[in-house]
Amino acid sequence: MKAGSGIPLWVVALLAALCLGVLAWTTFGFVAPFKHETGQAVLDTYFAGYDESAVFHMQKLLDENETAAKLLSAMYFGPELIFPALLTALLFPVFFRLGPVGSWFGRPLHPLIAKAIYLLPFIYGISDYGENISSLIAFSEGTSAGLAMHLLPWMTRLKFASLAICFIVATRLAIARWLSTGEDRSWEG
C-alpha cells in the first residue's frame, strides 16, 4: 500500500470526531467536576509537568476526599480507557495520508528513520496508557504505589512530549504537502 492512498478521508474525519467527543466527555464529565470538587486540576492536564511533591499532594487530597477519588477512578476506567487508542488511531492515518515518508523533509531519509516516524503516534499511545496505569497504581493502597509515584511525572512528560512531536511533525507534513501541491499547480498554469 502506498502512503497517502489507502486511508479514506472520512475515516480520519470520523476518528477526529470521536476523539473530540471523548475529550469533551473527559473534560466536562470528570476534569471539570474534579476541579470543582477539589479546587485542583487533575495531574493528567499539567502540560508543563509536575514533580513528585505534586503526586504526594494529590495522594493526600484523594485520601481525604472520597468523591474526588471516585471521579478520578471513573475517569481512568471510562474515557481514559479509550481516548489514547482513539488519538493514536487518528494520528497514524494522518501521518500515513501526509506521506510518503521519504519526501517529508525535502531530502531522502534513511529507510529506518523514515519508518520510525510512523511509530510516533504509538509512542504517544503507550505513554498515555502508561501514565494512566501509573496513576491508578500511585493512588491506590498497593505495594507498588511508591514506585508508581516516582514514575508518574515522567510518564506525563513523555506523553505530552510525544504528542507535541506528533503535532509538530504532522503540521510540517501538512505544510510541505500544501507547498508541493501549490508548486505543482503553478507549473500547470
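Modeller: Gladly, and please keep in mind that this is a predicted model. The largest pocket is lined by 20 residues, and those that lie nearest its centre are Leu23, Glu80, Phe83, Lys159 and Phe160.

Biologist: What volume does the largest pocket have?

Modeller: Its volume comes to about 390 Å³.

Biologist: And which helices supply at least two residues each of that lining?

Modeller: Four helices do so, namely α1 (9-38), α4 (79-97), α6 (120-138) and α7 (145-188). Of the helices, α1 gives the most to the lining of the largest pocket, with 6 residues.

Biologist: How do the lining residues of the largest pocket divide into nonpolar, polar and charged?

Modeller: There are 13 nonpolar residues in that lining, together with 3 polar and 4 charged ones.

Biologist: OK, what about the second largest pocket, how much space lies in there?

Modeller: The second largest pocket holds about 170 Å³ of space. Its lining includes Gln59, Leu62 and Asp63, as well as Tyr76, Phe139 and Glu141.

Biologist: Where does the largest share of that lining come from?

Modeller: It comes from α3, which contributes 4 residues, while α2 (52-64), α3 (66-76) and α6 each supply at least two. By class, the lining of the second largest pocket has 6 nonpolar, 4 polar and 2 charged residues.

Biologist: Switching to packing, since α4 and α6 both came up: at what angle do their axes cross?

Modeller: The axes of α4 and α6 cross at roughly 170° and come within 8 Å of each other. Because angles over 145 degrees count as roughly antiparallel, that makes α4 roughly antiparallel to α6. The contact is made by residues including Phe83, Leu87, Leu91 and Phe95 of α4, and Leu120, Tyr124, Asp128 and Asn132 of α6. By class, this contact of α4 with α6 has 14 nonpolar, 3 polar and 2 charged residues.

Biologist: And α3 with α4, how far apart are those axes?

Modeller: They are 4 Å apart, and α3 and α4 pack at an angle of about 40°. Ala74, Met75 and Tyr76 of α3 make the contact with Pro79, Glu80 and Leu81 of α4. The residues of that contact divide into 5 nonpolar, no polar and 1 charged.

Biologist: Last topic: where does UniProt place the feature "transmembrane region"?

Modeller: The UniProt record, an unreviewed entry, places that feature at residues 81-99 and 160-179.

Biologist: How much of residues 160-179 is helix in the model?

Modeller: Over residues 160-179 the chain is 100% helix and 0% strand, with the end C-alpha atoms 28 Å apart.

Definitions and conventions. Residues numbered from 1 in each chain as written. Predicted model: local features only at pLDDT ≥ 70, side-chain atom pairs only at ≥ 80, totals over all residues. Heavy atoms only, no water. 1 Å grid on protein atoms, 1.4 Å probe; cavity = no way out; pocket = protein on both sides within 12 Å on 5 of 7 lines; lining within 4 Å. Points joined across faces, edges and corners; volume = space filled by probe spheres on them. Nonpolar A, V, L, I, M, F, W, Y, C, P; charged D, E, K, R; others polar. Axes fitted to C-alpha atoms, helices over the stretch in contact; angles between N-to-C directions. Parallel < 35°, antiparallel > 145°, perpendicular 65-115°, else oblique. Contact = heavy atoms within 4.5 Å. UniProt positions renumbered as here; feature names shortened; annotations may be inferred.
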